[in-house]
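Let's take a walk through a protein model together. Have the picture open while you read, and look up each residue as it comes along.

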Amino acid sequence: MNTLKPCPFCGGEARLPIGMDGNPVDYEVTDCTCKSDDCPIAGYWIPIKIWQTRPIEDTLNKRIARLEEKLAELVEVGNKMRDLIEQDYDGYLDETIDWRGMAEEADDVLQEREE
Ligand SMILES: [Zn+2]
């Protein structure tokens, strides 16, 4: 069984209908809905194929992944620059530019996005 995507309205867990045998009915051929009673689409049964199709969300997630890769590269370049500058100036620039702090801030932003 594949994993159902979370509800596009509330982020809640999706639910499959329960068959006569007490188990969820076949994933590939059934509908699903949101488990949350407070959700505006709770109780509306939506075909799996439509539920799982999120072109805008998928595009944005790919873009976020590419941007996170670029940011990680920039942090790495910044760290290398800092190391080279520290070698040449023996810590002088640490007092004027907080390279390490900037890299840590960028990393914090990445961490927050993942939460
Ligand atoms: Zn929902």
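## What you're looking at

This is a predicted model, where local features need pLDDT of at least 70, side-chain atom pairs count only at pLDDT 80 or more, and totals for chains, interfaces and linings use all residues. Residues are numbered from 1 along each chain, following the sequence as it is written.

So what is pLDDT? It's the predictor's confidence in each residue, on a scale from 0 to 100. For this protein the mean is 84, and 89% of the residues reach 70 or more. Among the elements, β3 has the highest mean pLDDT (91), while helix α3 (residues 99–114) has the lowest (79).

## The overall layout

The protein has three helices and three strands. Here, helices (H or I, at least four residues) and strands (E, at least two) are DSSP runs, numbered from the N terminus.

Of the 115 residues, 3% count as buried. A residue is called buried if 20 or more other C-beta atoms lie within 10 Å of its own, exposed if 12 or fewer do, and partly exposed in between, with C-beta atoms placed from the backbone. Now for contacts: two residues are in contact if their C-beta atoms, placed from the backbone, lie within 7 Å. Among contacts between residues at least 6 apart in sequence, 38% join residues at least 24 apart.

## The sheet

The three strands make an open sheet in the order β1-β2-β3, with antiparallel pairing. β1 and β3 (46–47) are at the edges with a single partner strand each, so one side of each has no neighbour in the sheet. Strands count as paired if DSSP finds at least two bridges between them.

β1 and β2 are antiparallel and share two bridges, and Ala14 sits opposite Cys34 in β2. Strand β2 (residues 31–34) is also joined to β3 by two bridges, again antiparallel. In that pairing, Asp31 stands opposite Pro47 in β3.

Start with Cys7, in the segment before β1 (14–15). Is Cys7 buried or exposed? It counts as buried because it has 22 C-beta neighbours inside 10 Å. Leaving out residues up to four places away in sequence, Cys7 touches Gly12, Ala14, Cys34, Ser36, Cys39 and Ile41. Cys7 and Ile41 are 34 residues apart in sequence, yet their C-alpha atoms are 8.7 Å apart in space.

Next, hop over to Lys35, in the loop between β2 and β3. Lys35 is partly exposed because 14 other C-beta atoms lie within 10 Å. Apart from neighbours within four places in sequence, Lys35 is in contact with Gly12, Glu13 and Arg15. Lys35 and Glu13 are 22 residues apart along the chain, with 5.8 Å between their C-alpha atoms.
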